[in-house]
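Here is a short report on one chain.

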Amino acid sequence: MVKSDNDTEEADEECLSYEERNKLLWSLRSDFAWAGKKIPESVEIDGCEYKLRDMVRGLSEKESLDTDKAAEIKALIPKLEEKSKADEELLETEELTKTEAKALYEEATGLLRASMELKDKLEGKGGEKSVDEFKRMLNIQKIVDEKRFQELIKSLK
């Protein structure tokens, strides 16, 4: 059965179910929720607008950072993480439509990705060392996910 535009709009305006909320929260709380997500074009924090995508792209092109820019980024990272956490709390506690929940989820994961990208640039990560670290973290996450899955199976019995 093909959904009409009205059906799609009605589905988007439906309230988020308990199961859908938990699925989004579980995904958001996983270690690699930010992988493959888009960095928001810009974000407003404490009345200041930050052009995140341009900032991350610009840092990727530079070999090294000056101390003023590094200090600005060090101050921004906790703010991004705090805003992401606030989005997570809204997703967990507020009555939301599916559209609103998806938008909050996308913003939170995009902010997490921007935070990770900025941290990596500050720490000078790149090349083979970061690939090895990523593989190690991925293996750890697989183990954690497998344990969670086993617990879910046990709880369903």
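## Confidence and conventions

The chain averages a pLDDT of 83, and 87% of the residues score at least 70; pLDDT is the predictor's confidence in each residue, from 0 to 100. Residues 1-8 have a pLDDT below 50, and beyond near neighbours in sequence this stretch has one contact in the model. Contact means heavy atoms within 4.5 Å.

This is a predicted model: local features need pLDDT of at least 70, side-chain atom pairs count only at pLDDT 80 or more, and totals for chains, interfaces and linings use all residues. Residues are numbered from 1 along each chain as its sequence is written, and side-chain values use heavy atoms, with hydrogens and water left out.

## Helix H5

Helices (H or I, at least four residues) and strands (E, at least two) are DSSP runs, numbered from the N terminus. H5 spans residues 98-123, 26 residues in total. From first C-alpha to last it reaches 37 Å, close to the 38 Å expected at 1.5 Å a residue; the expected span is 1.5 Å times one less than the number of residues. Just after H5, Gly124 takes a positive phi of about 70°.

The buried residues of H5 include Leu104, Tyr105, Leu111 and Leu118. Helices H2 (18-29), H3 (52-61) and H4 (67-93) are among the elements that cover the buried residues of H5, as is strand S1 (43-45).

## The second largest pocket

A pocket is an open set of points on a 1 Å grid over the protein atoms alone, where a 1.4 Å probe fits, with protein on both sides within 12 Å along at least five of seven lines; lining residues have an atom within 4 Å of a point. The second largest pocket has a volume of about 180 Å³, the space filled by probe spheres set on the points. H4 gives the most to its lining, with four residues. By class, the lining has four nonpolar, three polar and four charged residues. Trp34, Glu88 and Met116 are among the lining residues.

Buried means under 20% relative accessible area, exposed over 50%, partly exposed in between (1.4 Å probe, protein chains only).

| Residue | Relative accessibility | Class |
|---|---|---|
| Glu88 | 11% | buried |
| Ala71 | 44% | partly exposed |

Leaving aside neighbours within four places in sequence, Glu88 is in contact with Leu25, Leu28 and Arg29. Ala71 and Leu122 are 51 residues apart along the chain, and their C-alpha atoms are separated by 9.6 Å.

Methods
Nonpolar A, V, L, I, M, F, W, Y, C, P; charged D, E, K, R; others polar.
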